[in-house]
Amino acid sequence: MIKPLLKILIKIFSKIYENRSIKDQIKNNLYDLEYYTPGFITELQGLSESTNINIKEILLSYNILKLSKNTSCTTSVVTKDATKKHNTYLIQNWDIPFYGKIHLLYLLFLYQRFKVCKIKNNNSYVFYGFPVLFELPIINEKGVCFGGNATLVTSDKKRYVDKGPGIPIYLLVRKTMRESDRISDVKNIWMNNLRSSNKSKYFPYFWDLASSSWADRYKNILIIEQSHNHIITVDNNNSEQFNGFKDVIWHTNHHKWLDPDVSGSEYPSIHTTSRIRNNRSYEYFKKHYGRIDLDTCKSFTRDHKYRFFNTYKNSNNICRHVDPCNRHGTLFSYIVEPEKYLINFCPGIPCKTKYKKIDCKKLLKIK
Ligand SMILES: [Zn+2]
């Protein structure tokens, strides 16, 4: 069922855009992928052979609908002293721009149920989405979990953007899930691999420059802000210094620790929705510090503190709704409890959708 449908969609979308300049960019990207991540080319070849569609067509069709480009999420990680019972939570609202009905159809097709990626001699992990083309890895068999935020890069041509070839961030996240047993491994992988910063953000570069949030079952938390040459890691040990509180870190869509003038991130004064959600996160965690539990995390994902334009629906809230000024809305949300290998998954806009529990111990066959 999936393969014939995928084949039809890819054929249609690659034909629509076959004359666009995007093709040259994909050619250049393929050259870089062969050099930095030959393993991924092997995976694409596998997909190409099983669907009888050539790799360039797969890449082309994927890029057209900007599937994971321009996401604009909110994430947080909390643990120990910040929580009621010293539990750990990773909280993610996955916010995307809504372009219309066809886009939504394609999204529904790609964002499918939870699956497990198993590779010999690597950690297995549970992901949401479609194998190879769009995997959102959430937790691995060692209890390391992931969330992420896109970074809005400046459109001001006079400003510097820290660009350069390396491993696309999407593939670095998958590598991290496969190779990490705890947060210290995550940090080492991100500090010691050449990270791509490709401003075009075509697949699989759509997560380049993004920040990532991590937690493990040993109550370690981490958020990484990065560009090609620069990186800052904020964890349990320095969260007070960087974020204001011990054992709570949150992030939106601008660089708040790296200097935007060296990374190329949009200034928070211009990227106002990111600044507003960041400030609201601070306010929320300050109010609930020491008392955070699963319900408090759920309330955070449903937060509607700001009601501009006299309307309930507003894209500046943590729970984002498309409004006249912004096409971004929350597509789904999840809260991971790594100690229990549980994903609390909300398959829709959080304020109107119930969370359901996904038992990853069962999926990963952990006894
Ligand atoms: Zn809402």
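This is a working chat about local features of a predicted model.

Reader: Start with α11. Which of its residues are buried?
Author: Helix α11 spans residues 294-301, and its buried residues are C297, F300 and T301.

Reader: Where do they sit around the axis?
Author: On the same side of α11, because they cover an arc of only 95°. As background, an α-helix has 3.6 residues a turn, so residues three or four places apart point the same way.

Reader: And what covers them?
Author: The cover of the buried α11 residues includes β2 (89-97), α10 (272-288), β11 (328-337) and β12 (342-346).

Reader: You mention β11 and β12. What is the phi of Y341?
Author: Phi of Y341 is near 55°, a positive value in a residue other than glycine. Y341 is in the loop between β11 and β12.

Reader: Is Y341 buried or exposed?
Author: Y341 counts as buried, because it has 22 C-beta neighbours inside 10 Å.

Reader: How about K80, where is that?
Author: K80 is in the loop between β1 (74-78) and β2. Its phi is positive too, about 35°, and K80 is not a glycine. K80 is partly exposed, with 16 other C-beta atoms within 10 Å. For context, most residues other than glycine have a negative phi.

Reader: New topic. Which way do β4 and β5 run?
Author: Antiparallel, with six bridges joining β4 (residues 125-130) to β5. F127 has P137 of β5 as its bridge partner.

Reader: What's in the turn?
Author: Three residues separate the strands of this hairpin, and V132 in the turn has a positive phi of about 70°.

Reader: How many β5 residues are buried?
Author: Seven of the seven in β5 (residues 134-140).

Reader: Now helices. How do α6 and α7 cross?
Author: Their axes come within 10 Å and cross at roughly 145°. The crossing is right-handed. K175, T176 and E179 of α6 make the contact with D185, V186 and I189 of α7. Those contact residues divide into two nonpolar, one polar and three charged.

Reader: Why does Y170 count as buried?
Author: Because it has 24 C-beta neighbours inside 10 Å.

Reader: What joins F203 and P204?
Author: A cis peptide bond, with omega about 0°. P204 is in the loop between α7 and β7 (211-215).

Conventions
Residues numbered from 1 in each chain as written. Predicted model: local features only at pLDDT ≥ 70, side-chain atom pairs only at ≥ 80, totals over all residues. Buried ≥ 20, exposed ≤ 12 C-beta atoms within 10 Å, placed from the backbone. Helix = DSSP H or I, 4+ residues; strand = E, 2+ residues; numbered from the N terminus. Arc of directions from axis to C-beta. Contact = placed C-beta atoms within 7 Å. Pairing = 2+ DSSP bridges. Axes fitted to C-alpha atoms, helices over the stretch in contact; angles between N-to-C directions. Left-handed = near helix turned anticlockwise from the far one by under 90°. Nonpolar A, V, L, I, M, F, W, Y, C, P; charged D, E, K, R; others polar.
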